[in-house]
Amino acid sequence: MCSEVKERFENQEARKIIARHLVKDYILKEKKGLFVRRQKKVVHAVKDISLEIPQGKITGVLGINGAGKTTTIRMLASVIAPTAGSLTMNGVDAVKNHLWVKERINMISGGERNLYWRLTAKENLRYFGSLYGLSGSGLNEKIAYLLKIVGLEDAADIPVERYSKGMKQRLQIARGLINDPEYLFMDEPTLGLDIVIAKEIRKLVLELAKKEKKGILLTTHYIQEAEELCDYIYVLDKGEIIAQGTKDELKELFMYEPQLLIQMKTPDNQRYEEFIRAVDEEVNKDIDIRIEDAGEKIKVTGGTDTWLSVLDLLMRHQIEAAGLSIQEPELEGVLMKIIDQSRGEGNEEKSVSN
């Protein structure tokens, strides 16, 4: 295997994780009744997934709960073996050489798991480093370097139980880098964090890919996070890829249309009707305008380039607005639209890549 690895490493094009037609089946035993023998039932957790994770890129895997994301990640990380299909890392068979693979990957999850709270940051990293055979001055230097990267050098000797959520998540990232992995699997790394800390984590993730050349697989429930970070995105449903492409290519499939919300001062149904007719006639018939919350809100969807014209008509019809806001669609709602469309069309994979 050593000669194979050396040969593959000389080929920079091979420096990626490649999955082809991965399948994972589980066999469950069900007991129908007291005197009825158990029956075997096959559950298809992952049916046919092909994807790539290049080094220096961030690959997104999105989908609602039960889509098969966790099982897919566990196969890619060599935690479980696929039932069928092939999986290679840098050209090396990752299924046959799973121990070699595990030395070159690491996993980072959101939340507050995978840390020992009574230990300090240094003690946590020293423990996890020892699991990879690291020790002595080399490990101490690496710990100091990682704590500096994640901005925790001044809190290195403080017990983790006294850390904020953001500090704990930064330490999670340091833990995930302790073995200097070539590939990182990040499962919702900004889960539960406030806006400022989440922004810092996203910046750090981006630097790991672009500067450190890590290959990153990211799962997230935040559409803005996926758009900001991911170079390529796969959408999963029922163990299959139903859409894939770059973030720009997927916007059409995401039906990524922000909405203009107009908060009204005094509801006036007659003026609303005249206003909506005027928009339909003078601006754009494709714009969708709805009156919500008993006339307290007007919601405008589509045609962002015509919003100024819509507001101009609002003033001409003497409709007073108390406030304006822009609402971005939530990822779960957007994914449901893609999933519904896919299921309605026979669940065939949609790809906008060339």
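The model is predicted, so local features need pLDDT of at least 70 and side-chain atom pairs count only at pLDDT 80 or more, while totals for chains, interfaces and linings use all residues. Residues are numbered from 1 along each chain as its sequence is written, and side-chain values use heavy atoms, leaving out hydrogens and water.

**The chain as a whole**
- You can find 12 helices and 15 strands here; these are DSSP runs numbered from the N terminus, with helices (H or I) of at least four residues and strands (E) of at least two.
- Of the 354 residues in the chain, 45% are buried, meaning under 20% relative accessible area with a 1.4 Å probe and protein chains only, where exposed is over 50% and partly exposed lies in between.
- Among contacts (heavy atoms within 4.5 Å) between residues at least 6 apart in sequence, 73% join residues at least 24 apart.

**Nonpolar cores**
- A nonpolar core is a set of buried Ala, Val, Leu, Ile, Met, Phe, Trp, Tyr and Cys residues joined through side-chain atoms within 4.5 Å.
- The largest one has 46 residues, and those with the most contacts inside it include Tyr-163, Leu-171 and Met-186.
- Helix α7 (residues 195-210) gives the largest share of this core, seven residues.
- Another core, of 28 residues, lies apart from it, with Ile-53 and Ile-241 among them.
- Not counting residues up to four places away in sequence, Tyr-163 touches several residues, including Ala-121, Leu-152 and Leu-171.

**The largest pocket**
- A pocket is an open set of points on a 1 Å grid over the protein atoms alone, where a 1.4 Å probe fits, with protein on both sides within 12 Å along at least five of seven lines; lining residues have an atom within 4 Å of a point.
- The largest pocket is lined by 16 residues, and Met-107, Ile-108, Ser-109, Asn-114 and Arg-175 are the closest to its centre.
- Strand β6 supplies the largest share of the lining, four residues.

- Most residues other than glycine have a negative phi.
- Asn-90 has a positive phi of about 55° and sits in the loop between β4 (84-89) and β5 (92-93).
- Asn-90 counts as buried because its relative accessibility is 0%.
- Lys-238 has a positive phi of about 50°, in the loop between β9 (232-237) and β10 (240-245).
- Lys-238 is partly exposed, with a relative accessible area of 43%.
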